[in-house]
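Please read it alongside the sequence and the coordinates.

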Amino acid sequence: QVQLVESGGDLVQPGGSLRLSCAASGSIFSPNAMGWFRQDSGKSRELVATITSGGEVKYGDSVKGRLTTSRDDDKNTESLQMNNLEPEDTAVYYCCRRKEFLATYNYWGQGTQVTVSS
């Protein structure tokens, strides 16, 4: 099994920036697609960003223009650069992976907390 661990979550003021990272270990498979989701208290899990093995990306409507995702296959990591953060971005952020030809992300990290507050 592949294990995913997120890091980089923190308390930040509105307008600030954070960079989240996700490290993979164990039975790493390739090719694969990677993704980021988030979930705040009382809300459903929301798509943040996805990236395929070929570098094709898509972003959730709520974060377009403010977040950028990337991957480093040599180091088995994926990153999420978040800029111009707003209080509405407060949530637990999860990284995930799936085999490229599947439709469902079936490997998940335990999440990292991002809090945006003045």
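Predicted model: local features only at pLDDT ≥ 70, side-chain atom pairs only at ≥ 80, totals over all residues.

## A loop glycine

Glycine 65 is found in the loop that lies between β6 (57-59) and β7 (67-72), where strands (E, at least two residues) are DSSP runs numbered from the N terminus. With a relative accessibility of 81%, glycine 65 counts as exposed; exposed means over 50% relative accessible area, buried under 20%, and partly exposed in between, with a 1.4 Å probe and protein chains only.

Residues are numbered from 1 along each chain as its sequence is written, and side-chain values use heavy atoms, with hydrogens and water left out.

## Strand β9 and its partners

Strand β9 (residues 91-99) is largely enclosed by the rest of the structure, because seven of its nine residues are buried. Two strands pair if DSSP finds at least two bridges between them. By that criterion β9 runs antiparallel to strand β4 (residues 32-39), to which eight bridges join it, and glycine 35 stands opposite cysteine 96 of β9.

Strand β11 (residues 112-116) is also antiparallel to β9, with three bridges between them, and there threonine 112 is the bridge partner of tyrosine 93. Strand β10 (residues 107-108) pairs with β9 in the antiparallel sense over two bridges, and arginine 97 stands opposite tyrosine 107 in β10.

## The cysteines

A disulfide is taken as a pair of cysteine sulfur atoms within 2.5 Å, and by this rule the count comes to one. The bond joins cysteine 22 and cysteine 95, whose sulfur atoms are 2.0 Å apart, and the link is right-handed, with 55 degrees about the S-S bond. Cysteine 22 lies in strand β3 (residues 18-26) and cysteine 95 in strand β9, so the pair ties together parts that are 73 residues apart in sequence.

Cysteine 22 is buried at 2% relative accessibility, and cysteine 95 is buried at 0%. Cysteine 96 is likewise buried, at 0%, but its sulfur is 7.0 Å from the closest cysteine sulfur, that of cysteine 95, which is too far for a bond.

## Aromatic pairs

Rings of Phe, Tyr and Trp (its six-membered ring) pair if their centres lie within 6.5 Å, with planes under 30 degrees apart counted as stacked, over 60 as edge-to-face and the rest as tilted. The count comes to three aromatic pairs. In one of them, the rings of phenylalanine 29 and tyrosine 107 have centres 5.5 Å apart and planes at 45 degrees, so the pair is tilted. Phenylalanine 29 lies in the loop between β3 and β4 and tyrosine 107 in strand β10, so parts 78 residues apart in sequence are tied together; both residues are buried.

The rings of phenylalanine 37 and tryptophan 108 also form a tilted pair, their centres 5.2 Å apart and their planes at 55 degrees. Phenylalanine 37 is buried at 16% relative accessibility, whereas tryptophan 108 is partly exposed at 33%. Ring pairs link Phe37, Tyr105 and Trp108 into a cluster.

Technical notes:
Helix = DSSP H or I, 4+ residues; strand = E, 2+ residues; numbered from the N terminus.
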